[in-house]
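I opened my notebook to look up a few residues, one at a time. Here is what I wrote down.

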Amino acid sequence: VLQVDTRNLPSGEYRIDVFNVSGQLMSQKIINALGQIEAIPTAGLVPGAYLLRLSQGERVTVVRFVAQ
C-alpha cells in the first residue's frame, strides 16, 4: 500500500493516477482531501517503477515510486 498524505493540501477533490513507466494508466482514484492519509493499493502492480500523479484542476504533482 502506498500512502498519500493530504494533511498539507488545501481541502477539495483530487484525482490520483498511477502509471507504469510506459505511460499506461494502472489505476485511478478520486479523493476528498480532508487532512488525512489516503491508502493507494499496490498489490496488483508488477514489481518496478511507477509514477503517481496527484491533480486538482491545473495543480499537478508527480512522484516516482517503486512497487515491490
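**Entry 1: Asp17**

I looked up Asp17 and found it buried, with a relative accessible area of 0%. That counts as buried because the cut-off is under 20%. I note that the model is a predicted one. Asp17 lies in strand β2.

What does the side chain of Asp17 join in a polar contact? I found the side chain of Arg15, at 2.9 Å. Next I left aside neighbours within four places in sequence and listed the contacts of Asp17. They are Leu25, Ser27, Gln28, Leu51, Leu52 and Arg53.

**Entry 2: Leu51**

Leu51 was on that list of contacts of Asp17, and I followed it up. Leu51 lies in strand β5. Is Leu51 buried or partly exposed? I noted partly exposed, with a relative accessible area of 32%.

**Entry 3: the core**

I then turned to the largest nonpolar core, which has 13 residues. Which of them touch the most other members? I wrote down Ile16, Val18, Leu45, Tyr50, Leu52 and Phe65. Strands β2 (12-20), β3 (25-33), β5 (48-56) and β6 (59-67) each supply at least two residues of this core. As a general point, nonpolar side chains tend to be buried together in soluble globular proteins.

Key
Residues are numbered from 1 along each chain as its sequence is written. This is a predicted model: local features need pLDDT of at least 70, side-chain atom pairs count only at pLDDT 80 or more; totals for chains, interfaces and linings use all residues. Side-chain values use heavy atoms; hydrogens and water are left out. A nonpolar core is a set of buried Ala, Val, Leu, Ile, Met, Phe, Trp, Tyr and Cys residues joined through side-chain atoms within 4.5 Å. Buried means under 20% relative accessible area, exposed over 50%, partly exposed in between (1.4 Å probe, protein chains only). Helices (H or I, at least four residues) and strands (E, at least two) are DSSP runs, numbered from the N terminus. A polar contact is a pair of N or O atoms within 3.5 Å; within protein, one must be able to donate a hydrogen and the other to accept it, and residues adjacent in sequence count only if both atoms are side-chain atoms. Contact means heavy atoms within 4.5 Å.
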